[in-house]
Amino acid sequence: MPGEVPPLLSVRGLRTGFDLDEGHVRAVDGVDLTVRSGHTLCVVGESGCGKSITARSILQLVERPGRIIEGQVLYRLGQDHRLLKAPHPSRQDRAAVRAATDGMLDLTRLDPKGTAIRAVRGSEIAMIFQEPMVSLSPVHTIGHQIAENIRTHEEVTKKEARERTIDELRRVGIPRPERRFDSYTFQLSGGMRQRAMIAMALACRPKLLIADEPTTALDVTTQAQILELIQELQEQFDMAVMLITHDLGVVAEVADEVAVMYLGLVVEQCGVDDLFHDPRHPYTKALLDSIPTVGPRAKRRLTAIRGMVPHPYDRPVGCPFHTRCVSAMPGVCDAVVPPTQAVTGPDGTVDRAVRCLLYDSAESVRRGPITAGEAGR
Ligand SMILES: Nc1ncnc2c1ncn2[C@@H]1O[C@H](COP(=O)(O)OP(=O)(O)OP(=O)(O)O)[C@@H](O)[C@H]1O
């Protein structure tokens, strides 16, 4: 795990749920994860495990009846403290800023309707989606939308905003940007719409880009171009990226670190090489065993993960994965929710965080899995 790079965003014990007539859905149930400055964290896991709701919770974008129940989303305030200059801060925003410790502001404490969270969205942390029309309006030209976005976050004239927008469209590879400024989204191909959304997201130079399956709806060639574009822009602006994807091929290509989610929890976060070469959590192992590979491992039999992901209404007691886990310890894993443990690699340094009772502590890794009796303490 690239531990020496400081965290830009640190999510701690995040719980987000939905109050429905049928009951309470624990969509995110204690997520811990870290995004480091300038690095790419890929978030993977089966459908419905809470990847999107985690991302939306970071920016307070979960809509009713969803709500953040507890936890922290700690964001490192930069030198320029752009978001602290948000006009007319509410009492709640001022209290949140006063409570910031070690330069980390808890975004969950910001006023959901205040100016500070609006300043965070876009100018500090931007988000892009699988479907560009979530961010882009069909009734305004793309140029108008991007220019307005710049003017919302920065004090620039209309002319300056227009010039900046044309530069941004050019930067994301949209040909003849002066003319494209006046195009509507229906006049653009899927790939070009995705590029326009990226231009809008990055126009104010956010420090973190959250990308929620940005290429899933695109053909393979366009997918590769868009991922390449994100990587290029990341390097240019020294931006961190949190990329949500189903595609472990993409993970291998772009990730520095990976967070593996299962049923509302991050069960393992580690460096990308450690993930592919030495997975530790039984779910991570099962996930890797279930995908086709090339190279020396290609002849290995593929194994499907047994059973189905339980619905969040029917969360198993104890470790949420124990009903499908080949290493589950009866009387232990069905009783205790595993805490996030720092786990050491072969050289004795901590190389990952794992939520599994097989790894009781960093020490235990060196002496092997703990016994059922120990885990039940
Ligand atoms: N609007 C909603 N109302 C009720 N429950 C919801 C709502 N949105 C999400 N959920 C619940 O939260 C869980 C997590 O959803 P989320 O969209 O974060 O999953 P995901 O991992 O991003 O899945 P996918 O890969 O399919 O996008 C879902 O299983 C669903 O039960």
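In which sense, right-handed or left-handed, does α4 pass α7 in their crossing? I would like to start from that question this morning, keeping in mind throughout that what we have on the screen is a predicted model.

The protein chain holds 13 helices and twelve strands, and of its 377 residues 51% count as buried. If we take the contacts in the protein chain with a separation of 6 or more, residues 24 or more positions apart account for 64% of them.

Now to the opening question. Two packed helices are described by the angle between their axes and the distance between the axes. For helix α4, which covers residues 142–153, and α7, the axes come within 9 Å and cross at roughly 15°, and since angles under 35 degrees count as roughly parallel, α4 and α7 are therefore roughly parallel to each other. The crossing in which α4 passes α7 is right-handed, which settles the question. On the α4 side the contact is made by Ile 142, Gln 145, Ile 146 and Asn 149, and on the α7 side by Ala 196, Ala 199 and Met 200. By class, the contact of α4 with α7 has five nonpolar residues, two polar ones and no charged residues.

Helix α7, residues 190–202, also packs with helix α8, residues 220–237, at an angle of about 15° and with the axes 10 Å apart, which makes α7 roughly parallel to α8. The crossing of α7 and α8 is right-handed. Here Gly 191, Gln 194, Arg 195, Ile 198 and Leu 202 of α7 meet a set of α8 residues that includes Thr 222, Gln 225, Ile 226 and Leu 229, and by class this contact of α7 with α8 has six nonpolar, four polar and one charged residues.

Let me turn to a single side chain, Arg 355, which is found in the loop between β12 (350–354) and α12 (362–367). Why does Arg 355 count as buried? Its relative accessibility is 11%, and the cut-off for buried is under 20%. The side chains of Arg 355 and Thr 340 are joined by a polar contact of 3.2 Å. Leaving aside neighbours within four places in sequence, the residues in contact with Arg 355 include Gly 30, Asp 32, His 281 and Pro 339.

Finally, helix α1, residues 51–58, is mostly covered, with six of its eight residues buried, among them Lys 51, Ile 53 and Ser 57. Following α1 comes Gln 60, whose phi is positive, near 55°.

Note on methods
Residues numbered from 1 in each chain as written. Predicted model: local features only at pLDDT ≥ 70, side-chain atom pairs only at ≥ 80, totals over all residues. Heavy atoms only, no water. Buried < 20%, exposed > 50% of the residue type's maximum accessible area, 1.4 Å probe, protein only. Helix = DSSP H or I, 4+ residues; strand = E, 2+ residues; numbered from the N terminus. Polar contact = N/O pair within 3.5 Å; in protein donor to acceptor, adjacent residues only side chain to side chain. Contact = heavy atoms within 4.5 Å. Axes fitted to C-alpha atoms, helices over the stretch in contact; angles between N-to-C directions. Parallel < 35°, antiparallel > 145°, perpendicular 65-115°, else oblique. Left-handed = near helix turned anticlockwise from the far one by under 90°. Nonpolar A, V, L, I, M, F, W, Y, C, P; charged D, E, K, R; others polar.
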